[in-house]
Each structure stands twice: as C-alpha cells, then as structure tokens.
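Please walk through the model below, looking at its ring contacts and then at its strand pairing.

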Amino acid sequence: MGHARRPAAPRSRGGGSPVSSVSKGLRKVEIGLKWDPSPAGSSPNDLDLIAATYTSDDPYGTPDYLVHFDSRSPDGTIALNRDSRTGQGFGFDEVMVLELDRLAPRYSRVVVGVAIQQQEDPKVFGDIPNTAVRIREGYTELAQSDLADVAACTATTVAEFTRDEAGAWAFREAVHGFGGDLATFTAAMGGKR
C-alpha cells in the first residue's frame, strides 16, 4: 500500500556537523504533506498537519496553542500555507512553515503531527495511497516518511523540535501513531514517550 520507509540520516552542512547540533540551531523549517485523492464516489481523503506549542513551564502538558486548518500562530511564527481537503493537485497538498528562531523564549518545544479527518467513512493511513511527509530546512532534508509504520492509525506525530538552554532549536523525527479523533490526538500528541 505504501512505499518503503526511508530512514533519515542526520544531514550535514559545511563543517560536517549534523543539522540538529549546529550551534545556531534550526531557524525556519518546512513540513510538507501529500497523499492521493480517494476514488470517485467515496468519501474524500482529508489529512491535516497540526503543530502544538509547549512552554518551558509545561513542556509535556497541555499545548499553549495549536496551528491547523489554515490557521496561524498568534505571533505568525507557525503557519499552514496550504490546506487541502482532498489530496488533489501536484506536489505537496499541505505545507506548514515553522519560524523557530522567531518563537518567543517561553516556548521550548513544538510537536508536529498529521491527522485524518474522520467523516462518514472512517480511515487509517493504510487506506490512503501515496502518503508522504517531508521535513526540511531550506534545501536540507531532515526527514521523510510514507507513514507505513503507522498504517493502522488515524493520526501520528512526525516531528519534535526542542530548544536548548542556549536558545538553539534541534529536530528529532518522532513518528508515533494514535487512534481516535482529532480532539483526543491533539490532547495526547505532546506526551512523553
């Protein structure tokens, strides 16, 4: 049903340091999501990118805010630039941009996930062909997944970004599947694993 999962190796820049440990850290990250439309006559395949932000005071608790469905963060640092309800079109159907270097100092963690909108015909990732997530900073690919590891799930986290004491942001691929609806997922997506 899907393509073979490609493990993401840490990418290097100039001096050979992994991207996630460059002294300045990550600055502006783009997450792209694509999938194929459903066959004619069946309910649409509607996937959504979701970002949850966490403060230093509560890094694994309740998100301070969520970004999804064509919404932006209150300060404009996280935006969903493209939102698709069907998967039709070329390239990536949904694209989210995180300007990590502009996030207020009180934020220490951002978790990004993907959820399937459950309409009259409940679906899991294995029901949706050619699903792919790509995470990159500029032209450097940080990770890519076809979500085959979470084929039986209705939602999954895909990335975790954390800020260290010096203020530098690091990336960790975090593909962890969930069942249930969108509200259940957004409440649990930032928990400890």
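**Rings and strands**

Lysine 192 lies over the face of tyrosine 60, 5.1 Å from the ring centre. A second contact of this kind involves arginine 109, whose charged end sits over the ring of tyrosine 54 at 5.2 Å from its centre. These values come from a predicted model.

Tyrosine 65 is in strand E5 (residues 65-67) and tyrosine 107 in strand E8 (residues 107-116), so their contact ties together parts 42 residues apart in sequence. Both tyrosine 65 and tyrosine 107 are buried. Phenylalanine 178 and phenylalanine 185 form another edge-to-face pair, with ring centres 5.1 Å apart and planes at 65°. Phenylalanine 178 is buried at a relative accessible area of 15%, and phenylalanine 185 is buried at 1%.

Turn next to strand E9 (residues 132-137). Five of its six residues are buried, so E9 is largely enclosed by the rest of the structure. Strand E3 (residues 28-34) runs antiparallel to E9 and is joined to it by five bridges, with isoleucine 31 opposite isoleucine 135 of E9. E9 also pairs with strand E10 (residues 140-145), again in the antiparallel sense and over five bridges. Valine 133 has serine 145 in E10 as its bridge partner. The hairpin of E9 and E10 has two residues between the strands, and glycine 138 takes a positive phi near 60° there.

How values were computed: Residues numbered from 1 in each chain as written. Predicted model: local features only at pLDDT ≥ 70, side-chain atom pairs only at ≥ 80, totals over all residues. Heavy atoms only, no water. Helix = DSSP H or I, 4+ residues; strand = E, 2+ residues; numbered from the N terminus. Buried < 20%, exposed > 50% of the residue type's maximum accessible area, 1.4 Å probe, protein only. Phe/Tyr/Trp six-rings, centres within 6.5 Å; stacked < 30°, edge-to-face > 60°. Lys NZ or Arg CZ within 6 Å of the ring centre and 35° of its normal. Pairing = 2+ DSSP bridges.
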